[in-house]
Amino acid sequence: SQPISQKSQSDILNLLKSDKNEVHDGYRIVAGVVLSRNPIIFRDPHPFEREYYLYQQRLEHIHASPFPVDFYFKKGSVAEKKWKEKKEREKADALLAFGLRKTKNKTSSEKIGEDEAIDSSDVSSEEEEIKIASRITSADLTNDAKSLDRALQRTLYLIVRKPREEHSWQFPQGGVEKTETLVQAASRELEEECGNCMDVWFVGRRPVGYYKYDYPKSFVKDNAEYKGAKVFFMAAHIFAGQVKVDNKEIVDFAWVTKQEMKNYVHTEYYEAVKDMLSEH
Amino acid sequence: MTKSLSTTAIRGLLARTIQKSKPKSSSPDIPGSQNANITDTRYQIIKRILYETPKPELPKMTEQDLERHETIDRAWKLFLRNQQEERENELAAKYRMLNEANIELEKLGPRLFNSAQMGNKIMMFPRQMKIPTETPPLNGWNYDYKPPPSDPTKDSKPLPPDSTRDSP
């Protein structure tokens, strides 16, 4: 029971919208964005990989020719002295590893093999201390889904939440207009919904995925123009910045891995979309 | 008045200038040069390393050892094969999606399809797209990105505006 003026207004708006939007066979053409944050660090090696590399290293040591110190270091030079000191330190560390089995606690989670001597003594007092950031960040520990410092070895994908009950989480998407291309529509929609404070690069102009869905019956009754939507996903990468929700079309966002997405997004949507995403 | 020199005199002059232009003190060290000092220790060291390095005494592998070694080798090859298969499957799935999407796009008509297929070959990658490293950058993720003031004549990243679009 809408007042008459309001109803005609919405009709006019719908007409205007349909003139601007791409429609095909009753389906609204929509451009979606699969915005990914690439992995920043190497993957942790598989335990078998680690063991195999140790094994190969031992074999190499057995088969290696002795190192010709007098060829590489001139007799009586400073470099030769430093080399000899370094070798003695390594020997002492190796003996320590066999004798006392101390576990060294470091901020950077380095792999500590039993026979490997870690060259923390590499950095002499004359050289500057090299600062290394940790591979596991605070965002990992707190499981902050909005952080882009989380899960540094994995690919993170942006999903946004619409202010509705069902099918709320999805990739950012929006209608393609009659005057623009797919990639232009995707770029515009991403800026409208998630703000412009992100350094984003779209991977070419071809869509990477397709998803067709029908609008629920209740929606179709009001808007007889569309019976559903055909979404074409465009791939993009983020290099800096963060999402700013517009609080109109989307109210929340999260950066999730492919596996975590199952917990946010509807199963049907996940099944349709998962093949576009990277495992790592 | 130029004095004319005889050919022998000219040859002698040339030879002396060439001799002068050669580096003097470093030549005795190069083994091949004429002034090489055969008793130079570096020459001896190099000869020793090349011809007289002792081959390390390799421990003989028993039957058990050999079996163990071969099992490790096979396990490693299997591990790599599985990894490769996973990677291939992932790529095949991605390509399937890509192909399907483009086929569906073609059904919608020429405008969207053609604009999607053209111009992809000259695409280049941005400098910000870096490969992973051992540890992350010290300052972490840059959350304070501000878009540069838009210059309508230039594009900072390699996705140029649609050439088929009419300028407003």
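Let me start with one residue. Tyr215(A) has a relative accessibility of 14%, so Tyr215(A) counts as buried. Buried means under 20% relative accessible area, exposed means over 50%, and partly exposed is in between, with a 1.4 Å probe and protein chains only.

Some ground rules. This is a predicted model, where local features need pLDDT of at least 70, side-chain atom pairs count only at pLDDT 80 or more, and totals for chains, interfaces and linings use all residues. Residues are numbered from 1 along each chain as its sequence is written, chains are lettered from A and ligands numbered from 1 in the order in which they are written, and side-chain values use heavy atoms, with hydrogens and water left out.

Confidence next. The predictor gives the complex an ipTM of 0.78 and a pTM of 0.75. For chain B, the mean pLDDT (the predictor's confidence in each residue, from 0 to 100) is 81. In that chain, 76% of residues reach 70 or more. Which element of chain B has the highest mean pLDDT? Helix α3, residues 63-107, at 96. The lowest among the elements of chain B is helix α1, residues 7-21, at 81. Then there is the stretch 160-168 of chain B, with pLDDT below 50. Beyond near neighbours in sequence, that stretch has ten contacts in the model. A contact means heavy atoms within 4.5 Å.

Now chain A as a whole. Chain A has eight helices and nine strands. These are DSSP runs, numbered from the N terminus: helices are H or I with at least four residues, strands are E with at least two. Chain A has 280 residues, and 40% of them count as buried. Take its contacts between residues at least 6 apart in sequence: 71% join residues at least 24 apart.

On to the rings. A pair of aromatic rings is described by the distance of the centres and the angle of the planes. Rings of Phe, Tyr and Trp (its six-membered ring) pair if their centres lie within 6.5 Å; planes under 30 degrees apart are stacked, over 60 edge-to-face, and the rest tilted. How many aromatic pairs does this rule give over all chains? The count is 20. Take Tyr53(A) and Trp76(B): centres 5.6 Å apart, planes at 65°, so the pair is edge-to-face. Tyr53(A) sits in helix α2 (residues 47-63) of chain A and Trp76(B) in helix α3 of chain B, so this pair joins two chains. Tyr53(A) is partly exposed, at 45% relative accessibility. Trp76(B) is buried, at 9% relative accessible area.

Back to our opening residue. The ring centres of Tyr213(A) and Tyr215(A) are 5.9 Å apart and the planes are at 70°, so this pair is edge-to-face. Tyr213(A) is partly exposed, at 21%.

Two charges over rings. The rule: NZ of Lys or CZ of Arg within 6 Å of the ring centre and within 35 degrees of the ring normal. Lys47(B) lies over the face of Tyr43(B), at 5.7 Å from the ring centre. Lys146(A) lies over the face of Phe253(A), at 5.4 Å from the ring centre.

Phe253(A) takes us to strand β9 of chain A. Why is β9(A), residues 252-256, largely enclosed by the rest of the structure? Because five of its five residues are buried. Asp252(A), Ala254(A) and Val256(A) are on one side, Phe253(A) and Trp255(A) on the other. Strand β3 (residues 156-161) of chain A runs antiparallel to β9(A), joined by five bridges. Two strands pair if DSSP finds at least two bridges between them. Asp252(A) is the bridge partner of Arg161(A).

Next, helix α4 of chain B, residues 110-117. Leu112(B), Phe113(B), Ser115(B) and Ala116(B) are buried there. The buried residues of α4(B) pack against β2 (27-37) and α6 (182-194) of chain A, together with α3 of chain B. After α4(B) comes Gly119(B), with a positive phi near 80°.

Last, positive phi outside glycine. Asp25(A) has a phi of about 60°, in the loop between β1 (23-24) and β2 of chain A. Asp25(A) is exposed, at 54%. His167(A) has a phi near 50°, in the loop between β3 and β4 (169-170) of chain A. His167(A) is partly exposed, at 35%.
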